[in-house]
Amino acid sequence: MAWSTGSVLNLTTVFFPDDVDWKETPAAHVFRTDVPGLSRDEVRVEIVKGWTVRIYGKRARDAREGTTDTWRHVGRWSGRFERTFKLPQNACVDQLRASMKHGVLTITVPKVEPLRSIPIDDED
């Protein structure tokens with residue numbers, strides 16, 4: 001069972017990836033995930049099916065064609081990767097921003113302004 005610090009239980013936390021951090025601030029949702037050794041050009045972030053964030057890319061081995069080098073041991077991962085998760089309903093999807101620094105991808109999604117009550121005046 002997932003618990004929320006807010007007043008409403010958010011069931012997306014039940015199926016949230018273990019390797020993505022999610023911080024909620026009063027103004028936005030902030031997601032962070034490690035992508036060590038990758039450049040901005042090797043990582044893609046997109047919105048699919050309205051509320052789903054997809055982070056994907058590929059890390060190639062440092063092999064160069066035509067060399068006589070031989071790999072004796074490979075301990076670092078390589079290949080394709082993908083992480084997906086659903087955004088909360090109060091996320092302003094069209095204002096999603098992504099940045100990367102020191103191998104950490106940060107995705108910031110502002111919250112939709114809450115509906116405010118409009119006072120109703122008496123007619124005179």
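Trainee: Is Glu82 buried, exposed or partly exposed?
Mentor: Glu82 counts as partly exposed, because its relative accessibility is 48%, where buried means under 20% relative accessible area, exposed means over 50%, and partly exposed lies in between, for a 1.4 Å probe and protein chains only. This is a predicted model, in which local features need a pLDDT of at least 70 and side-chain atom pairs count only at pLDDT 80 or more, while totals for chains, interfaces and linings use all residues. Residues are numbered from 1 along each chain as its sequence is written, and side-chain values use heavy atoms, with hydrogens and water left out.

Trainee: Which strand holds Glu82, and what does Glu82 touch?
Mentor: Glu82 sits in strand β5, where helices (H or I, at least four residues) and strands (E, at least two) are DSSP runs numbered from the N terminus. Leaving aside residues up to four places away in sequence, Glu82 touches Arg54, Ile55 and Tyr56, a contact being heavy atoms within 4.5 Å. With Arg54 there is also a side-chain polar contact of 3.5 Å; that term stands for a pair of N or O atoms within 3.5 Å, and within protein one must be able to donate a hydrogen and the other to accept it, with residues adjacent in sequence counting only if both atoms are side-chain atoms.

Trainee: How many bridges hold β1 and β2 together?
Mentor: Five bridges, in the antiparallel sense, with β2 covering residues 28-34, and the two strands form a hairpin with three residues between them. Within β2, Arg32 is the bridge partner of Asp21, and His29 is that of Glu24.

Trainee: Is His29 buried or exposed?
Mentor: His29 counts as buried, because its relative accessibility is 1%. Its side chain makes a polar contact of 3.1 Å with that of Trp22, and the residues that His29 touches, beyond those up to four places away in sequence, include Pro88, Asn90, Ile107 and Val109.

Trainee: Ile107 again, so which residues have the most contacts inside the largest nonpolar core?
Mentor: Phe31, Val43, Ile55, Phe85, Leu87 and Ile107 do, in a core of 16 residues, defined as a set of buried Ala, Val, Leu, Ile, Met, Phe, Trp, Tyr and Cys residues joined through side-chain atoms within 4.5 Å. β4 (52-59), β5 (79-86) and β7 (104-110) each supply at least two of its residues, and the largest share, three residues, comes from β7. Among the residues that Ile107 touches are Phe31, Val45, Val53 and Leu96.

Trainee: Changing topic, what is the phi of Lys49?
Mentor: It is near 55°, a positive value in a residue other than glycine, and Lys49 lies in the loop between β3 (43-48) and β4, exposed at a relative accessible area of 81%. His102 likewise has a positive phi, about 55°, without being a glycine; its place is the loop between β6 and β7, and at 73% relative accessibility His102 counts as exposed.

Trainee: What is the mean pLDDT of the chain?
Mentor: It is 82, and 83% of the residues reach 70 or more, pLDDT being the predictor's confidence in each residue, from 0 to 100. Residues 1-14 have a pLDDT below 50, and that stretch has 13 contacts in the model beyond near neighbours in sequence. Where pLDDT is low, the predicted coordinates should not be read in detail.

Terms used:
Two strands pair if DSSP finds at least two bridges between them.
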